[in-house]
Amino acid sequence: MTVVAGLDAGTQSVKLVVYDADARRVIASASAPLDLISGEDGSREQQPAAWVDAMRDCFNAVDVGIRHRIAALGVSGQQHGFVPVDAAGEVLGPAKLWCDTSTSAECGEIMDAVGGAARCIETAGNPILAGYTASKLPWTRRHRPEVYAQLATILLPHDYLNFVLTGERYCEHGDASGTGWLDVRTRTWSKTMLDATDAARDLAECLPPLVEPDALFPVSAAIASELGLSPGTRIAAGGGDNMMAAIGTGCVTEGRLTMSLGTSGTLFAYADRPIVDAGGAWAAFCSSSGGWLPLICTMNCTVATEQVAKMFGFSTRDGDARIAATPPGADGLTFLPFLNGERTPDLPLGKGVLAGLGAHNMREAHVYRAAMEGATYSLRYGYDAFVGAGMRFDRIALTGGGANSAAWRQMVADVFDCPVDVPAQVESAAFGAALQALWSLQRAQGDASTLADVAAAHVAVDPSLACTPDPERVRAYQPAYQRFLRHLDAVRPIYAAPSPSS
(Lines give C-alpha, C1' and ligand atoms only; values in the text may rest on other atoms or scores of the structure.)
Protein backbone atom coordinates (compact mmCIF):
# COMPACT_ATOMS: atom_id res chain seq x y z
CA MET A 1 0.00 0.00 0.00
CA THR A 2 1.40 3.40 -1.03
CA VAL A 3 -0.15 6.15 1.09
CA VAL A 4 0.54 9.82 0.42
CA ALA A 5 -0.99 13.01 1.78
CA GLY A 6 -1.65 16.55 0.67
CA LEU A 7 -2.06 19.57 2.92
CA ASP A 8 -3.62 22.78 1.59
CA ALA A 9 -3.28 25.99 3.62
CA GLY A 10 -5.88 28.32 2.17
CA THR A 11 -7.33 31.64 3.24
CA GLN A 12 -10.26 30.23 5.19
CA SER A 13 -8.99 26.82 6.32
CA VAL A 14 -6.29 24.20 6.24
CA LYS A 15 -7.32 20.91 4.61
CA LEU A 16 -5.70 17.49 4.65
CA VAL A 17 -6.34 14.51 2.39
CA VAL A 18 -4.71 11.10 2.76
CA TYR A 19 -4.70 9.05 -0.43
CA ASP A 20 -4.19 5.32 -0.97
CA ALA A 21 -2.55 5.30 -4.41
CA ASP A 22 -2.96 1.56 -4.89
CA ALA A 23 -6.68 1.57 -4.11
CA ARG A 24 -7.10 4.96 -5.80
CA ARG A 25 -9.19 6.42 -3.02
CA VAL A 26 -8.97 9.02 -0.27
CA ILE A 27 -8.87 7.14 3.01
CA ALA A 28 -8.97 10.12 5.38
CA SER A 29 -9.56 13.85 5.31
CA ALA A 30 -9.80 16.70 7.77
CA SER A 31 -10.01 20.47 7.88
CA ALA A 32 -9.51 23.25 10.41
CA PRO A 33 -10.72 26.86 10.09
CA LEU A 34 -8.54 29.96 9.93
CA ASP A 35 -9.27 33.54 10.94
CA LEU A 36 -8.47 36.55 8.78
CA ILE A 37 -7.13 39.82 10.19
CA SER A 38 -8.65 42.60 8.08
CA GLY A 39 -8.04 46.34 8.06
CA GLU A 40 -9.90 49.23 6.45
CA ASP A 41 -6.74 50.04 4.48
CA GLY A 42 -7.16 46.80 2.54
CA SER A 43 -4.76 44.80 4.68
CA ARG A 44 -5.44 41.06 4.96
CA GLU A 45 -3.15 39.13 7.28
CA GLN A 46 -2.86 35.87 9.21
CA GLN A 47 -0.57 34.57 11.92
CA PRO A 48 1.63 31.77 10.52
CA ALA A 49 1.35 30.04 13.90
CA ALA A 50 -2.35 29.60 13.14
CA TRP A 51 -1.47 27.56 10.03
CA VAL A 52 0.72 25.29 12.15
CA ASP A 53 -1.99 24.88 14.77
CA ALA A 54 -4.53 24.05 12.05
CA MET A 55 -2.09 21.55 10.52
CA ARG A 56 -1.79 19.82 13.90
CA ASP A 57 -5.57 19.75 14.29
CA CYS A 58 -5.94 18.16 10.84
CA PHE A 59 -3.43 15.40 11.55
CA ASN A 60 -4.87 14.78 15.03
CA ALA A 61 -8.26 14.18 13.40
CA VAL A 62 -6.84 11.26 11.37
CA ASP A 63 -6.36 7.78 12.82
CA VAL A 64 -2.79 7.41 14.02
CA GLY A 65 -2.43 4.11 12.15
CA ILE A 66 -3.17 5.90 8.87
CA ARG A 67 -0.84 8.76 9.73
CA HIS A 68 2.03 6.39 10.35
CA ARG A 69 1.62 4.84 6.87
CA ILE A 70 2.06 8.16 5.03
CA ALA A 71 5.17 7.77 2.89
CA ALA A 72 5.24 11.29 1.43
CA LEU A 73 3.46 14.57 2.01
CA GLY A 74 3.01 17.55 -0.30
CA VAL A 75 2.04 21.05 0.86
CA SER A 76 -0.13 23.48 -1.08
CA GLY A 77 -0.43 27.07 0.08
CA GLN A 78 -2.16 30.31 -0.81
CA GLN A 79 0.09 32.19 -3.20
CA HIS A 80 1.86 35.54 -2.82
CA GLY A 81 1.89 35.69 0.99
CA PHE A 82 4.93 37.10 2.81
CA VAL A 83 6.22 35.37 5.93
CA PRO A 84 9.15 37.32 7.47
CA VAL A 85 11.60 35.01 9.25
CA ASP A 86 14.74 35.91 11.20
CA ALA A 87 18.07 34.10 11.20
CA ALA A 88 16.94 31.78 14.00
CA GLY A 89 13.83 30.75 12.07
CA GLU A 90 11.40 32.78 14.17
CA VAL A 91 8.49 34.55 12.51
CA LEU A 92 8.83 38.32 12.91
CA GLY A 93 5.25 39.40 12.29
CA PRO A 94 1.93 38.49 10.70
CA ALA A 95 1.91 37.23 7.13
CA LYS A 96 0.49 39.61 4.54
CA LEU A 97 -1.70 37.60 2.16
CA TRP A 98 -2.57 37.42 -1.54
CA CYS A 99 -5.77 39.40 -0.95
CA ASP A 100 -3.98 42.27 0.80
CA THR A 101 -4.41 45.47 -1.23
CA SER A 102 -2.81 47.86 1.26
CA THR A 103 0.41 47.73 -0.76
CA SER A 104 -1.07 49.08 -4.00
CA ALA A 105 1.11 52.21 -3.92
CA GLU A 106 4.22 50.06 -3.50
CA CYS A 107 3.30 48.13 -6.65
CA GLY A 108 3.53 51.34 -8.63
CA GLU A 109 6.79 52.35 -6.97
CA ILE A 110 8.48 49.08 -7.93
CA MET A 111 7.26 49.24 -11.51
CA ASP A 112 8.34 52.88 -11.83
CA ALA A 113 11.80 51.92 -10.60
CA VAL A 114 12.06 49.38 -13.44
CA GLY A 115 10.61 51.73 -16.04
CA GLY A 116 6.92 50.92 -15.99
CA ALA A 117 4.66 47.88 -16.20
CA ALA A 118 5.68 47.06 -19.77
CA ARG A 119 9.34 47.05 -18.77
CA CYS A 120 8.55 44.72 -15.86
CA ILE A 121 6.93 42.28 -18.29
CA GLU A 122 9.93 42.50 -20.62
CA THR A 123 12.26 41.88 -17.68
CA ALA A 124 10.57 39.06 -15.78
CA GLY A 125 7.24 38.27 -17.48
CA ASN A 126 4.82 39.97 -15.09
CA PRO A 127 3.86 43.40 -13.81
CA ILE A 128 3.70 43.85 -10.04
CA LEU A 129 0.01 43.56 -9.23
CA ALA A 130 -1.87 44.06 -5.98
CA GLY A 131 -1.22 41.13 -3.69
CA TYR A 132 2.07 40.01 -5.23
CA THR A 133 4.79 39.35 -2.68
CA ALA A 134 7.21 41.98 -4.01
CA SER A 135 5.09 44.95 -2.94
CA LYS A 136 4.90 43.67 0.63
CA LEU A 137 8.62 44.25 1.19
CA PRO A 138 8.71 48.05 0.78
CA TRP A 139 5.44 48.24 2.72
CA THR A 140 7.07 46.34 5.58
CA ARG A 141 10.19 48.51 5.40
CA ARG A 142 7.95 51.57 5.71
CA HIS A 143 5.42 50.41 8.27
CA ARG A 144 7.27 47.70 10.25
CA PRO A 145 10.91 48.79 10.13
CA GLU A 146 11.86 46.60 13.08
CA VAL A 147 10.65 43.52 11.16
CA TYR A 148 12.50 44.54 8.02
CA ALA A 149 15.72 45.14 9.94
CA GLN A 150 15.71 41.60 11.36
CA LEU A 151 14.53 39.90 8.15
CA ALA A 152 16.77 37.00 7.16
CA THR A 153 14.51 34.88 4.93
CA ILE A 154 11.46 35.63 2.79
CA LEU A 155 9.11 32.63 2.81
CA LEU A 156 5.80 32.08 1.06
CA PRO A 157 3.03 30.38 3.07
CA HIS A 158 3.71 26.89 1.69
CA ASP A 159 7.47 27.47 2.07
CA TYR A 160 6.91 28.24 5.73
CA LEU A 161 4.97 25.04 6.37
CA ASN A 162 7.71 23.12 4.55
CA PHE A 163 10.21 24.84 6.85
CA VAL A 164 8.20 23.75 9.90
CA LEU A 165 8.05 20.18 8.58
CA THR A 166 11.69 19.83 7.51
CA GLY A 167 13.74 22.62 9.06
CA GLU A 168 14.86 23.47 5.51
CA ARG A 169 14.28 26.78 3.73
CA TYR A 170 13.46 26.21 0.05
CA CYS A 171 11.10 27.36 -2.69
CA GLU A 172 9.91 25.98 -6.03
CA HIS A 173 9.35 27.72 -9.35
CA GLY A 174 5.54 27.76 -9.45
CA ASP A 175 4.99 29.58 -6.19
CA ALA A 176 8.15 31.66 -6.72
CA SER A 177 6.74 33.08 -9.96
CA GLY A 178 3.94 34.69 -7.95
CA THR A 179 6.37 36.89 -6.04
CA GLY A 180 7.04 39.17 -9.01
CA TRP A 181 10.79 38.55 -8.66
CA LEU A 182 11.16 35.40 -10.74
CA ASP A 183 12.09 35.73 -14.40
CA VAL A 184 9.60 33.16 -15.65
CA ARG A 185 11.38 32.75 -18.98
CA THR A 186 14.68 31.67 -17.40
CA ARG A 187 13.16 30.34 -14.12
CA THR A 188 15.72 32.34 -12.10
CA TRP A 189 15.43 35.24 -9.66
CA SER A 190 15.61 38.61 -11.43
CA LYS A 191 18.22 40.94 -10.00
CA THR A 192 16.53 43.85 -11.77
CA MET A 193 13.21 43.23 -10.02
CA LEU A 194 14.88 42.67 -6.67
CA ASP A 195 16.88 45.90 -6.97
CA ALA A 196 13.70 47.76 -7.91
CA THR A 197 12.09 46.49 -4.71
CA ASP A 198 14.99 47.67 -2.53
CA ALA A 199 18.05 49.20 -4.15
CA ALA A 200 19.80 49.54 -0.78
CA ARG A 201 19.63 45.86 0.17
CA ASP A 202 20.52 42.60 -1.55
CA LEU A 203 17.19 40.83 -1.23
CA ALA A 204 18.63 37.81 -3.04
CA GLU A 205 20.32 36.93 0.24
CA CYS A 206 16.85 36.58 1.80
CA LEU A 207 15.45 34.26 -0.85
CA PRO A 208 15.55 30.49 -0.31
CA PRO A 209 17.12 28.27 -2.99
CA LEU A 210 14.88 27.06 -5.80
CA VAL A 211 14.33 23.30 -6.02
CA GLU A 212 13.00 21.05 -8.79
CA PRO A 213 9.38 19.79 -8.78
CA ASP A 214 10.39 16.24 -7.75
CA ALA A 215 12.51 17.29 -4.76
CA LEU A 216 12.04 15.34 -1.52
CA PHE A 217 13.17 16.23 1.99
CA PRO A 218 13.09 14.16 5.20
CA VAL A 219 10.57 15.22 7.81
CA SER A 220 12.18 16.46 11.02
CA ALA A 221 12.13 13.92 13.82
CA ALA A 222 10.40 16.31 16.22
CA ILE A 223 7.52 17.21 13.92
CA ALA A 224 7.12 13.57 12.82
CA SER A 225 6.64 12.58 16.45
CA GLU A 226 4.28 15.47 17.07
CA LEU A 227 2.08 14.72 14.04
CA GLY A 228 2.21 10.96 14.33
CA LEU A 229 4.13 10.49 11.09
CA SER A 230 6.74 7.86 10.37
CA PRO A 231 10.33 9.11 10.74
CA GLY A 232 10.81 7.98 7.13
CA THR A 233 8.11 10.27 5.73
CA ARG A 234 9.34 12.52 2.94
CA ILE A 235 8.17 16.08 2.25
CA ALA A 236 7.75 17.04 -1.41
CA ALA A 237 8.44 20.42 -2.99
CA GLY A 238 4.75 21.33 -2.92
CA GLY A 239 3.66 24.62 -4.47
CA GLY A 240 1.09 27.37 -4.66
CA ASP A 241 -2.55 26.38 -4.37
CA ASN A 242 -3.27 27.07 -8.03
CA MET A 243 -0.25 25.04 -9.14
CA MET A 244 -1.32 22.13 -6.93
CA ALA A 245 -4.93 22.42 -8.14
CA ALA A 246 -3.60 22.17 -11.68
CA ILE A 247 -2.08 18.81 -10.81
CA GLY A 248 -5.18 17.72 -8.90
CA THR A 249 -7.43 18.45 -11.88
CA GLY A 250 -5.09 16.98 -14.51
CA CYS A 251 -4.11 20.38 -15.94
CA VAL A 252 -0.56 19.18 -16.65
CA THR A 253 -0.83 18.82 -20.43
CA GLU A 254 -1.65 21.41 -23.09
CA GLY A 255 -5.27 22.02 -23.98
CA ARG A 256 -6.52 21.56 -20.42
CA LEU A 257 -8.26 24.44 -18.63
CA THR A 258 -9.14 24.58 -14.94
CA MET A 259 -11.42 27.09 -13.22
CA SER A 260 -11.47 27.39 -9.44
CA LEU A 261 -14.44 29.04 -7.75
CA GLY A 262 -13.05 29.80 -4.31
CA THR A 263 -12.67 32.95 -2.23
CA SER A 264 -10.76 34.09 -5.28
CA GLY A 265 -11.55 32.90 -8.77
CA THR A 266 -8.82 31.47 -10.95
CA LEU A 267 -8.55 30.23 -14.50
CA PHE A 268 -5.38 28.50 -15.65
CA ALA A 269 -3.98 26.35 -18.42
CA TYR A 270 -0.81 24.28 -18.79
CA ALA A 271 1.86 25.24 -21.32
CA ASP A 272 5.22 23.69 -22.18
CA ARG A 273 6.76 27.13 -22.81
CA PRO A 274 6.48 30.59 -21.23
CA ILE A 275 3.19 32.26 -22.19
CA VAL A 276 3.76 35.96 -21.57
CA ASP A 277 1.34 38.72 -22.60
CA ALA A 278 2.95 42.07 -23.40
CA GLY A 279 -0.04 43.85 -21.88
CA GLY A 280 -0.13 41.74 -18.72
CA ALA A 281 -3.60 40.37 -19.45
CA TRP A 282 -2.78 37.27 -17.41
CA ALA A 283 -0.20 36.10 -14.91
CA ALA A 284 2.67 34.38 -16.70
CA PHE A 285 3.46 31.88 -13.98
CA CYS A 286 5.54 28.73 -13.94
CA SER A 287 3.80 25.50 -13.04
CA SER A 288 4.94 23.22 -10.21
CA SER A 289 5.37 20.41 -12.71
CA GLY A 290 8.26 21.73 -14.77
CA GLY A 291 6.21 23.77 -17.24
CA TRP A 292 4.27 27.02 -17.23
CA LEU A 293 0.81 28.01 -16.03
CA PRO A 294 -0.72 31.14 -17.61
CA LEU A 295 -3.29 32.19 -15.03
CA ILE A 296 -6.16 34.60 -14.57
CA CYS A 297 -6.99 35.54 -10.97
CA THR A 298 -9.97 37.48 -9.68
CA MET A 299 -9.90 38.48 -6.03
CA ASN A 300 -13.67 38.25 -5.55
CA CYS A 301 -15.54 35.05 -6.28
CA THR A 302 -17.43 33.08 -3.63
CA VAL A 303 -16.80 36.00 -1.26
CA ALA A 304 -19.38 37.95 -3.30
CA THR A 305 -22.15 35.35 -3.04
CA GLU A 306 -21.32 34.71 0.61
CA GLN A 307 -21.58 38.39 1.48
CA VAL A 308 -24.91 38.79 -0.31
CA ALA A 309 -26.31 35.71 1.44
CA LYS A 310 -25.09 37.05 4.77
CA MET A 311 -26.65 40.47 4.08
CA PHE A 312 -30.06 38.90 3.44
CA GLY A 313 -29.79 36.32 6.20
CA PHE A 314 -29.72 33.04 4.29
CA SER A 315 -27.11 30.36 3.63
CA THR A 316 -25.37 29.92 0.30
CA ARG A 317 -26.52 26.30 0.58
CA ASP A 318 -29.94 27.73 -0.26
CA GLY A 319 -28.62 29.98 -2.99
CA ASP A 320 -29.46 27.74 -5.93
CA ALA A 321 -33.17 28.27 -5.29
CA ARG A 322 -32.62 32.03 -5.73
CA ILE A 323 -30.88 31.39 -9.04
CA ALA A 324 -33.73 29.16 -10.21
CA ALA A 325 -36.24 31.89 -9.35
CA THR A 326 -34.56 34.54 -11.52
CA PRO A 327 -33.65 34.73 -15.22
CA PRO A 328 -30.16 35.03 -16.76
CA GLY A 329 -29.16 38.68 -16.60
CA ALA A 330 -31.02 39.22 -13.29
CA ASP A 331 -33.66 41.37 -15.01
CA GLY A 332 -31.10 44.08 -15.78
CA LEU A 333 -29.22 44.05 -12.46
CA THR A 334 -25.43 44.17 -12.77
CA PHE A 335 -23.00 43.54 -9.91
CA LEU A 336 -19.33 44.43 -10.19
CA PRO A 337 -18.16 42.28 -7.24
CA PHE A 338 -14.91 44.09 -6.46
CA LEU A 339 -15.39 43.94 -2.69
CA ASN A 340 -11.69 43.45 -1.91
CA GLY A 341 -10.21 45.42 -4.78
CA GLU A 342 -9.53 43.45 -7.94
CA ARG A 343 -6.68 41.94 -9.91
CA THR A 344 -8.56 40.93 -13.09
CA PRO A 345 -9.44 43.48 -14.21
CA ASP A 346 -6.57 45.39 -12.58
CA LEU A 347 -8.47 47.63 -10.15
CA PRO A 348 -6.68 47.36 -6.79
CA LEU A 349 -8.82 50.16 -5.32
CA GLY A 350 -12.04 48.66 -6.67
CA LYS A 351 -15.27 48.50 -4.68
CA GLY A 352 -18.48 46.63 -5.30
CA VAL A 353 -20.97 48.31 -7.62
CA LEU A 354 -24.62 47.34 -7.96
CA ALA A 355 -26.20 48.95 -11.03
CA GLY A 356 -29.56 48.79 -12.77
CA LEU A 357 -31.74 48.69 -9.66
CA GLY A 358 -35.46 49.06 -10.25
CA ALA A 359 -38.64 48.14 -8.44
CA HIS A 360 -38.80 44.91 -10.45
CA ASN A 361 -35.36 43.56 -9.42
CA MET A 362 -34.77 45.00 -5.93
CA ARG A 363 -35.05 41.55 -4.38
CA GLU A 364 -32.62 39.25 -2.61
CA ALA A 365 -32.81 36.58 -5.32
CA HIS A 366 -31.90 39.10 -8.01
CA VAL A 367 -28.98 40.50 -6.00
CA TYR A 368 -27.71 37.00 -5.27
CA ARG A 369 -27.89 36.05 -8.96
CA ALA A 370 -26.19 39.32 -9.93
CA ALA A 371 -23.34 38.53 -7.50
CA MET A 372 -22.87 35.05 -8.95
CA GLU A 373 -23.07 36.37 -12.48
CA GLY A 374 -20.61 39.19 -11.71
CA ALA A 375 -18.04 36.77 -10.30
CA THR A 376 -18.49 34.57 -13.38
CA TYR A 377 -18.26 37.49 -15.81
CA SER A 378 -14.99 38.59 -14.20
CA LEU A 379 -13.52 35.19 -15.05
CA ARG A 380 -15.02 35.36 -18.54
CA TYR A 381 -13.23 38.71 -18.98
CA GLY A 382 -9.93 36.90 -18.36
CA TYR A 383 -10.92 33.93 -20.50
CA ASP A 384 -11.50 36.28 -23.43
CA ALA A 385 -7.84 37.31 -23.15
CA PHE A 386 -6.75 33.65 -23.35
CA VAL A 387 -8.92 33.07 -26.42
CA GLY A 388 -7.72 36.31 -27.99
CA ALA A 389 -4.17 35.02 -27.71
CA GLY A 390 -5.07 31.88 -29.65
CA MET A 391 -5.58 29.43 -26.79
CA ARG A 392 -8.38 26.93 -27.36
CA PHE A 393 -10.14 24.64 -24.90
CA ASP A 394 -12.73 21.93 -25.33
CA ARG A 395 -13.82 21.59 -21.69
CA ILE A 396 -13.47 23.33 -18.33
CA ALA A 397 -12.52 21.40 -15.19
CA LEU A 398 -14.37 23.17 -12.37
CA THR A 399 -13.18 23.05 -8.78
CA GLY A 400 -13.42 25.05 -5.55
CA GLY A 401 -16.34 25.62 -3.19
CA GLY A 402 -18.48 27.23 -5.87
CA ALA A 403 -18.39 24.00 -7.86
CA ASN A 404 -20.66 22.47 -5.21
CA SER A 405 -23.49 24.61 -6.59
CA ALA A 406 -25.38 22.97 -9.44
CA ALA A 407 -26.61 26.42 -10.50
CA TRP A 408 -23.09 27.81 -10.65
CA ARG A 409 -21.81 24.82 -12.64
CA GLN A 410 -24.54 25.36 -15.22
CA MET A 411 -23.93 29.12 -15.25
CA VAL A 412 -20.25 28.56 -16.09
CA ALA A 413 -21.18 26.21 -18.93
CA ASP A 414 -23.66 28.77 -20.31
CA VAL A 415 -21.59 31.95 -19.86
CA PHE A 416 -18.49 30.33 -21.38
CA ASP A 417 -20.46 28.23 -23.88
CA CYS A 418 -18.23 25.30 -22.98
CA PRO A 419 -18.87 21.90 -21.34
CA VAL A 420 -17.94 21.64 -17.66
CA ASP A 421 -16.47 18.67 -15.80
CA VAL A 422 -16.07 18.38 -12.02
CA PRO A 423 -13.19 16.30 -10.64
CA ALA A 424 -14.19 13.47 -8.34
CA GLN A 425 -11.72 14.72 -5.71
CA VAL A 426 -13.20 18.04 -4.64
CA GLU A 427 -10.16 19.23 -2.65
CA SER A 428 -8.12 19.63 -5.79
CA ALA A 429 -5.21 21.60 -4.29
CA ALA A 430 -4.66 19.15 -1.43
CA PHE A 431 -5.16 16.21 -3.79
CA GLY A 432 -2.72 17.71 -6.29
CA ALA A 433 -0.14 18.10 -3.53
CA ALA A 434 -0.64 14.43 -2.67
CA LEU A 435 -0.15 13.43 -6.32
CA GLN A 436 3.01 15.53 -6.58
CA ALA A 437 4.29 13.73 -3.48
CA LEU A 438 3.39 10.37 -5.05
CA TRP A 439 5.21 11.25 -8.28
CA SER A 440 8.29 12.47 -6.42
CA LEU A 441 8.35 9.30 -4.34
CA GLN A 442 8.07 7.12 -7.43
CA ARG A 443 10.91 8.98 -9.15
CA ALA A 444 13.09 8.55 -6.08
CA GLN A 445 12.39 4.81 -6.36
CA GLY A 446 13.47 4.75 -10.01
CA ASP A 447 10.07 5.01 -11.73
CA ALA A 448 10.34 7.13 -14.90
CA SER A 449 6.62 7.99 -15.08
CA THR A 450 5.87 11.63 -15.78
CA LEU A 451 3.58 13.76 -13.66
CA ALA A 452 1.15 13.71 -16.59
CA ASP A 453 1.18 9.89 -16.38
CA VAL A 454 0.40 10.04 -12.67
CA ALA A 455 -2.41 12.55 -13.19
CA ALA A 456 -3.90 10.45 -16.00
CA ALA A 457 -3.95 7.43 -13.71
CA HIS A 458 -5.41 9.10 -10.64
CA VAL A 459 -7.49 12.15 -11.63
CA ALA A 460 -11.11 11.23 -12.35
CA VAL A 461 -14.27 13.26 -12.97
CA ASP A 462 -17.73 12.80 -11.50
CA PRO A 463 -20.02 12.27 -14.53
CA SER A 464 -23.11 13.10 -12.48
CA LEU A 465 -21.89 16.70 -12.06
CA ALA A 466 -20.99 17.42 -15.70
CA CYS A 467 -22.83 20.25 -17.46
CA THR A 468 -23.30 21.16 -21.11
CA PRO A 469 -24.28 24.61 -22.37
CA ASP A 470 -27.97 25.31 -22.86
CA PRO A 471 -28.29 27.25 -26.17
CA GLU A 472 -31.16 29.44 -24.95
CA ARG A 473 -29.29 30.50 -21.79
CA VAL A 474 -26.06 30.96 -23.75
CA ARG A 475 -27.90 33.56 -25.87
CA ALA A 476 -29.50 35.15 -22.79
CA TYR A 477 -26.18 35.69 -21.02
CA GLN A 478 -24.48 37.39 -23.97
CA PRO A 479 -26.16 40.84 -23.63
CA ALA A 480 -25.86 40.64 -19.83
CA TYR A 481 -22.12 40.07 -20.13
CA GLN A 482 -21.79 42.99 -22.54
CA ARG A 483 -23.65 45.15 -20.01
CA PHE A 484 -21.16 44.07 -17.35
CA LEU A 485 -18.30 45.15 -19.61
CA ARG A 486 -19.88 48.57 -20.20
CA HIS A 487 -20.24 49.16 -16.48
CA LEU A 488 -16.66 48.01 -15.99
CA ASP A 489 -15.46 50.58 -18.52
CA ALA A 490 -17.44 53.25 -16.68
CA VAL A 491 -15.89 52.61 -13.26
CA ARG A 492 -12.37 51.83 -14.43
CA PRO A 493 -11.14 55.46 -14.16
CA ILE A 494 -12.54 55.68 -10.62
CA TYR A 495 -10.87 52.57 -9.21
CA ALA A 496 -7.62 52.36 -11.17
CA ALA A 497 -4.43 52.54 -9.11
CA PRO A 498 -3.27 56.13 -8.62
CA SER A 499 0.04 57.16 -10.13
CA PRO A 500 2.83 57.48 -7.54
CA SER A 501 2.92 61.24 -8.09
CA SER A 502 -0.76 61.74 -7.34
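Buried here means under 20% relative accessible area, exposed means over 50%, and partly exposed lies in between, with a 1.4 Å probe and protein chains only. By this scale serine 428 is buried, because its relative accessible area is 5%. The structure is a predicted model, in which local features need pLDDT of at least 70, side-chain atom pairs count only at pLDDT 80 or more, and totals for chains, interfaces and linings use all residues. Residues are numbered from 1 along each chain as its sequence is written, and side-chain values use heavy atoms, with hydrogens and water left out.

Serine 428 lies in helix α16; helices (H or I, at least four residues) and strands (E, at least two) are DSSP runs, numbered from the N terminus. The side chain of serine 428 makes a polar contact with the side chain of threonine 399, at 2.8 Å. A polar contact is a pair of N or O atoms within 3.5 Å; within protein, one must be able to donate a hydrogen and the other to accept it, and residues adjacent in sequence count only if both atoms are side-chain atoms. Leaving aside residues up to four places away in sequence, serine 428 touches Met244, Ala245, Gly248, Thr249 and Thr399, where contact means heavy atoms within 4.5 Å.

Turning to the open spaces, the largest pocket has a volume of about 1,000 Å³. Lys15, Gly262, Thr263, Gly400 and Gly401 are the closest to its centre among the 44 residues that line it. Two or more lining residues come from each of β2 (13-20), β3 (25-33), α11 (241-248), β17 (257-261), α12 (302-312), α14 (364-388) and α16 (428-444). A pocket is an open set of points on a 1 Å grid over the protein atoms alone, where a 1.4 Å probe fits, with protein on both sides within 12 Å along at least five of seven lines; lining residues have an atom within 4 Å of a point. Grid points are joined across faces, edges and corners, and a volume is the space filled by probe spheres set on the points. The lining of the largest pocket has 12 nonpolar, 24 polar and 8 charged residues, with Ala, Val, Leu, Ile, Met, Phe, Trp, Tyr, Cys and Pro counted as nonpolar, Asp, Glu, Lys and Arg as charged, and the others, Gly among them, as polar.

The second largest pocket has a volume of about 310 Å³. Of its 23 lining residues, Leu129, Gly280, Ala281, Arg343 and Asp346 are the closest to its centre. Its lining divides into 16 nonpolar, 5 polar and 2 charged residues.

Strand β19 (residues 283-286) is covered on both faces, with Ala283 and Phe285 buried on one side and Ala284 and Cys286 buried on the other. β19 pairs with strand β20 (residues 292-298) in the antiparallel sense over 4 bridges; two strands pair if DSSP finds at least two bridges between them. Within this pairing, phenylalanine 285 has leucine 293 of β20 as its bridge partner. The hairpin has 5 residues between the strands, and glycine 290 takes a positive phi near 95° there.

Some backbone details deserve a look as well. Arginine 24, in the loop between β2 and β3, has a positive phi of about 55° although it is not a glycine, and at 45% relative accessibility it counts as partly exposed. Arginine 187 also is not a glycine and has a positive phi of about 60°. Arginine 187 sits in the loop between β11 (182-183) and β12 (188-189) and is buried, with a relative accessible area of 15%. Finally, the peptide bond from threonine 344 to proline 345 is cis, with omega near 0°, and proline 345 lies in the loop between β21 (334-336) and β22 (353-355).
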